[in-house]
Amino acid sequence: MLTSTHGLRAAAVAVASLVALGAMVPLASAEDGAKETSVTVHANAEWQKTGVSVQQPCNVEYISGLWTASPQSGMYNSAGNRSQIAKYKYPLPGAPEGSLIGRIGNAIFIVGTGITTPPGRVGELEFVINDDIQGYYGVGLKDNYGAVTVSVSCQN
Ligand SMILES: [Ca+2]
């Protein structure tokens, strides 16, 4: 899904990030070839394909939405629940439960509220909530609800 309103907001975020870093880097924008995609990730589903084929590192930024991996902990954004650390069988052990996790091939990484995908990784980008997706410890994804939306901006 492509949306222009999300594009504007992500561009503003990108400007703010570059200003904060003092970077003298030309801004990526739709005009100079960056391709931006809005992706909604659901809390109650396993690894979700984005349709985005990563060739060069892509920027992922949280836009909107709340979800939960455990309703008694309340709702939160893609940063997850920082007071609950993911267990061994979760997609990314040691990262916050309920955080947004990305995968390209066999590389799994935290997205949280925003990242640049790891260099040298090529393939389809996938997302999942950091929860017990196999139902190893309990009900797994069955008690989850909500969704978060991110923008994915790639130069390829
Ligand atoms: Ca759960």
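In the predicted model, W67 stands opposite G146 in strand β11. This contact belongs to the pairing of strand β4 (residues 67-68) with β11, in which two bridges join antiparallel strands. Strands are DSSP runs (E, at least two residues), numbered from the N terminus, as are helices (H or I, at least four), and two strands pair if DSSP finds at least two bridges between them. Residues are numbered from 1 along each chain as its sequence is written. Because the model is predicted, local features need pLDDT of at least 70 and side-chain atom pairs count only at pLDDT 80 or more, whereas totals for chains, interfaces and linings use all residues.

Strand β3 (residues 59-64) pairs with β11 over five bridges in the antiparallel sense, and the bridge partner of N59 in β11 is S153. Strand β1 (residues 35-42) also runs antiparallel to β11 (residues 145-154), to which eight bridges join it; here K35 stands opposite C154.

An open sheet is formed by four strands in the order β2-β10-β7-β8, with antiparallel pairing. Its edge strands, β2 (48-54) and β8 (107-110), each pair on one side only. On average, neighbouring strands of this sheet are turned by 25° against each other, direction ignored; the axes are lines fitted to C-alpha atoms (for helices over the stretch in contact), and angles run from 0 to 180 degrees between N-to-C directions. Within the order of this sheet, β10 and β7 are adjacent. Five bridges join the antiparallel strands β7 (residues 100-104) and β10 (residues 123-129), and R103 has E126 as its bridge partner in β10.
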